Amino acid sequence: MAATRAQIREGLRAAVAAQLGTTWQTFAYFKSTPKPPQIDILNGQTAYHRAMQNGKADLTFTVRALVPHTLEESAQTLLDTLLDTTGSSSMLLALEADPTLGGLVSDTTVTEASEVKSYTSPGQEPGAVGCEWTVEVIV
């Protein structure tokens with residue numbers, strides 16, 4: 001399997017979109033001026049040469065969900081549904097529904113989710129609240 005980062009990002013985005021439907025805007029790339037509710041994919045670390053003959057690499061991605069800060073309790077409730085390990089809005093289930101991302105990779109595993117935190121961007125007041133999932137992909 002020789003999937004590119006672009007293909008993997010799109011595979012992760014498509015997996016999330018398929019599970020969560022049209023409630024969320026989903027992007028394969030980081031958005032510097034977010035317009036929540038949205039989910040975007042950020043690059044993480046890469047470990048090369050995980051098998052002989054340069055056979056495997058472990059790639060890490062961060063999947064970030066943002067909701068408007070102005071929604072207060074309802075925003076946190078929406079994030080709670082993403083953080084759940086069951087249910088139709090579970091980010092864990094969305095990202096691990098097809099661990100091969102349609103045959104692009106060997107395996108996809110969600111290793112952790114962050115706490116709910118506040119995000120601000122210059123000129124973007126009052127900002128957003130959100131959380132992040134760490135996703136390890138073996139290619």
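Reader: Which residue has the backbone nitrogen that the side chain of Gln-38 reaches?
Author: The model is a predicted one, in which local features need pLDDT of at least 70 and side-chain atom pairs count only at pLDDT 80 or more, while totals for chains, interfaces and linings use all residues. Residues are numbered from 1 along each chain as its sequence is written, and side-chain values use heavy atoms, with hydrogens and water left out. At 3.0 Å, the side chain of Gln-38 reaches the backbone nitrogen of Lys-35.

Reader: With the side chain of which residue does the side chain of Gln-38 make a polar contact?
Author: A polar contact is a pair of N or O atoms within 3.5 Å; within protein, one must be able to donate a hydrogen and the other to accept it, and residues adjacent in sequence count only if both atoms are side-chain atoms. At 3.3 Å, the partner side chain of Gln-38 is that of Asp-40.

Reader: Is Gln-38 buried or exposed?
Author: Gln-38 lies in strand β2, where helices (H or I, at least four residues) and strands (E, at least two) are DSSP runs, numbered from the N terminus. Contact means heavy atoms within 4.5 Å, and, not counting residues up to four places away in sequence, Gln-38 touches Trp-24, Gln-25, Phe-27, Lys-31, Arg-64, Ala-65 and Leu-66. Buried means under 20% relative accessible area, exposed over 50% and partly exposed in between, with a 1.4 Å probe and protein chains only. Because its relative accessibility is 2%, Gln-38 counts as buried.

Reader: Over how many bridges do β1 and β2 pair?
Author: Two strands pair if DSSP finds at least two bridges between them. Gln-25 stands opposite Gln-38 in β2. Strand β1, residues 25-27, pairs with β2 in the parallel sense, and the number of bridges is three.

Reader: How many bridges join β2 to β3?
Author: In β3, Ala-65 is the bridge partner of Ile-39, and Val-63 is the residue that Ile-41 stands opposite. β3 is also mostly covered, with 10 of its 11 residues buried. The two strands β2 and β3 run antiparallel, and the bridges that join them number eight.

Reader: Which residues have the most contacts inside the largest nonpolar core?
Author: A nonpolar core is a set of buried Ala, Val, Leu, Ile, Met, Phe, Trp, Tyr and Cys residues joined through side-chain atoms within 4.5 Å. In the largest one there are 28 residues, and those with the most contacts inside it are Ile-8, Met-91, Leu-95 and Trp-133. At least two residues of this core come from each of α1 (5-20), β2 (38-47), β3 (58-68), α2 (73-83), α3 (91-96) and β6 (124-138).

Reader: Within what arc do the buried residues of α2 fall?
Author: The buried residues of α2 are Ala-75, Leu-79 and Leu-82. Seen down the axis of α2, these residues line one face of the helix, because their arc, taken from the directions from the helix axis to the C-beta atoms, is one of 50°.

Reader: Where is Pro-37, whose peptide bond from Pro-36 is cis?
Author: Most residues other than glycine have a negative phi, and most peptide bonds are trans. The bond from Pro-36 to Pro-37 is cis, with omega near 10°. The place of Pro-37 is in the loop between β1 and β2.

Reader: What is the phi of Leu-101 near?
Author: Leu-101 is placed in the loop between α3 and β4 (107-113). At 9% relative accessibility, Leu-101 counts as buried. Its phi has a positive value in a residue other than glycine, and is near 50°.

Reader: What is the radius of gyration of the protein chain?
Author: The chain has three helices and six strands, which run α-β-β-β-α-α-β-β-β from the N terminus on. The radius of gyration is taken over C-alpha atoms, and the globule rule is 2.2 Å times the number of residues to the power 0.38. For 139 residues that rule gives 14 Å, and the radius of the chain is close to it, so the chain is as compact as a globular protein of that length, at 15 Å.
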